[in-house]
Amino acid sequence: MIAIDVQNIVKKFGDFTAVKGITFGVEAGVFFGLLGPNGAGKSTLIRMLTTLLPPSSGTAVIHGFDVVKQADGVRHSIGVIPQAMTSDLELSVEENLLIYAKLYGVPREKRKRLMDELLEAVELTQWRDKQVKNLWGGMRRRVEIARGLVHEPRIFFLDEPTTGLDPVSRVHVWEMLHRLKTQRELTVLITTHYMDEA
């Protein structure tokens, strides 16, 4: 089954073409990497695939939902980790997850179990009550990964998730992503400008 089907997708900003006619398909249950230098259009592509930007032309179908015509279906099927860290630094790790679980309508009885599972999976159980501002970069990225999975998406988009992390943290994030992909039967699309990661 094709989890992500992109056909000749284009994004223009006035006279500037940021994404020029990209076509690819991603089978369910695989890791798919998009490699390119800064400014290549990777983030713009991710923003189109996650319904944040409408394509100028072409189509994208995510988990059977068209990104333009069925945006809500796409949004409920995906988890997204943007390039910039977006966790609320003043809230605790657990509070950051709880807000997203509520936003996605995760039932109360399911929230605690899911949050416990995710915190254990990203090795942050002992930090659950700590404010995010007290965590270092790699740990903050793990908070964001757990937060992106709190509504049990089928497809996970990560936009340069290891940029700015030290080499040890990068390795740790990759090990965790492989483990989560297997445990949760995820399809993962990741952008990177690191050749070794691709």
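This is a predicted model: local features need pLDDT of at least 70, side-chain atom pairs count only at pLDDT 80 or more; totals for chains, interfaces and linings use all residues.

Colleague: Let's start with helix 1, how many of its eight residues are buried?
Modeller: Six of the eight residues of helix 1 (residues 42-49) are buried, so helix 1 is largely enclosed by the rest of the structure. Buried means under 20% relative accessible area, exposed over 50%, and partly exposed in between (1.4 Å probe, protein chains only). Helices (H or I, at least four residues) and strands (E, at least two) are DSSP runs, numbered from the N terminus.

Colleague: Which residues of helix 1 are the buried ones?
Modeller: Lys42, Thr44, Leu45, Ile46, Met48 and Leu49. Just after helix 1 comes threonine 51, with a positive phi of about 75 degrees.

Colleague: New topic: how many aromatic pairs does a search of the whole structure find?
Modeller: Two. Rings of Phe, Tyr and Trp (its six-membered ring) pair if their centres lie within 6.5 Å; planes under 30 degrees apart count as stacked, over 60 as edge-to-face and the rest as tilted. Phenylalanine 24 and phenylalanine 32 are stacked, because their ring centres are 5.1 Å apart and their planes are at 10 degrees.

Colleague: Is phenylalanine 24 buried or exposed?
Modeller: Phenylalanine 24 is buried, at a relative accessible area of 11%, while phenylalanine 32 is partly exposed at 22%.

Colleague: And what about phenylalanine 31 and tryptophan 174?
Modeller: Their ring centres are 5.7 Å apart with planes at 45 degrees, so that pair is tilted. The pair links distant parts of the chain, 143 residues apart: phenylalanine 31 sits in strand 3 (residues 31-35) and tryptophan 174 in helix 6 (residues 167-184). Tryptophan 174 counts as buried at 16% relative accessibility.

Colleague: Last one: at what angle do the axes of helix 3 and helix 4 cross?
Modeller: Roughly 130 degrees, and the axes of helix 3 (residues 93-103) and helix 4 (residues 108-121) come within 11 Å. Axes are lines fitted to C-alpha atoms, for helices over the stretch in contact, and angles run from 0 to 180 degrees between N-to-C directions.

Note on methods. Residues are numbered from 1 along each chain as its sequence is written. Side-chain values use heavy atoms; hydrogens and water are left out.
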